[in-house]
Amino acid sequence: NDALHQVAGDLHRWAYTEHRVLRDSKGRVKSEQIVRYDPSKPYAGQWTPIKIDGKEPGARDQAKFRRRGEDADPERPVSQRRRPPSLGEAIDVNRSSIAEETATHWVFEIPLLKTASERFPSEKFRVQARVSKEGRLLENISVLLRESFRARVVGKVKSGDASLDFAQSDPKFPPTLVAIAGDADWSILFIGSGRSLELKRTELKHVKPYAERFEVKIGTLKAIDF
């Protein structure tokens, strides 16, 4: 509980360059983007696209990322900022248990809330977190689909897993998210499809978020936005 909240409470204070690659079931690149995120800037300028599918960002790309920043403004009406619950909001940290222990690490099993959402059916997913004993630092969260299930948006979800890696880029601060790798396989009306994601964050810098100029606080585990 302490390790997760320590990380989640500091996630929104990091500026970084993010490289995201989405591939289809055959490994072909469907989209690729390199963007810079800086939460210390006003909302409209927090996301700066650098490369979109290997090209310089156009006017539509600029507008898309500007809206993405504006949508994060806590002063906007709630109806304009609705989104499915994040992983952080779906896990039940207080019911965690130790699944494995070594001389250097604990691996915790974290159940999902029964009322989480259609996105994370509690009985269908297994979530584990690896924490180092030295410093009690979060290193990884893994999400594994136990069995297939039906979802309204993509039909039948047949397989899927994800791994979120955390690292301490500055010893003065808690670890932060540095990489995500995951894939999913689903079918709609007997037509199969799949996607895989590779995400890496580099050039990390600890900053004071624009929201905190008025001491606005963001819910901690909600910040694990995946």
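**Side-chain pairings**

Modeller: Let's begin with Arg-95 and Asp-92, which are joined by a salt bridge whose closest N and O atoms are 2.7 Å apart. A salt bridge here is a side-chain nitrogen of Lys or Arg within 4 Å of a carboxyl oxygen of Asp or Glu. This is a predicted model, in which local features need pLDDT of at least 70 and side-chain atom pairs count only at pLDDT 80 or more, while totals for chains, interfaces and linings use all residues. Residues are numbered from 1 along each chain as its sequence is written, and side-chain values use heavy atoms, with hydrogens and water left out.

Buried means under 20% relative accessible area, exposed over 50%, and partly exposed in between (1.4 Å probe, protein chains only).

Arg-95 also leads us to Glu-109, whose contacts beyond its neighbours within four places in sequence include Arg-95, Ser-96, Arg-126 and Arg-146; contact means heavy atoms within 4.5 Å. Glu-109 belongs to strand S5, residues 105-109 (strands, E, at least two residues, and helices, H or I, at least four, are DSSP runs numbered from the N terminus). With a relative accessible area of 17%, Glu-109 is buried. Its side chain makes a polar contact of 2.9 Å with the side chain of Gln-128. A polar contact is a pair of N or O atoms within 3.5 Å; within protein, one must be able to donate a hydrogen and the other to accept it, and residues adjacent in sequence count only if both atoms are side-chain atoms.

Back to the salt bridges: a search of the whole structure finds eleven. Among them is the one between Glu-18 and Arg-20, at 3.0 Å from N to O. Glu-18 is buried at 1% relative accessibility, while Arg-20 is partly exposed at 27%. Arg-28 pairs with Asp-24, their closest N and O atoms being 2.8 Å apart, and Asp-24 is buried at 10%. Salt bridges also link Asp-10, Arg-13 and Glu-212 into a network.

Now for the rings. The whole structure holds six aromatic pairs. In one of them, Tyr-37 and Trp-47 have ring centres 4.5 Å apart and planes at 35°, so the pair is tilted. Tyr-37 sits in strand S2 (residues 29-37) and Trp-47 in strand S3 (residues 47-52), so this pair ties together parts that are ten residues apart in sequence. For the terms: rings of Phe, Tyr and Trp (its six-membered ring) pair if their centres lie within 6.5 Å, and planes under 30 degrees apart are stacked, over 60 edge-to-face and the rest tilted. Tyr-37 is buried at 13% relative accessibility, and Trp-47 is buried at 12%.

Another tilted pair is Trp-106 with Phe-108, at 6.3 Å centre to centre and 50° between the planes. Here Trp-106 is buried at 18%, but Phe-108 is partly exposed at 23%.

Finally, return to Trp-47, where rings and charge come together. Ring pairs join Trp-47 and Tyr-37 with Tyr-16 in a cluster. The charged end of Arg-68 sits over the Trp-47 ring, 3.8 Å from its centre; the rule asks for NZ of Lys or CZ of Arg within 6 Å of the ring centre and within 35 degrees of the ring normal.
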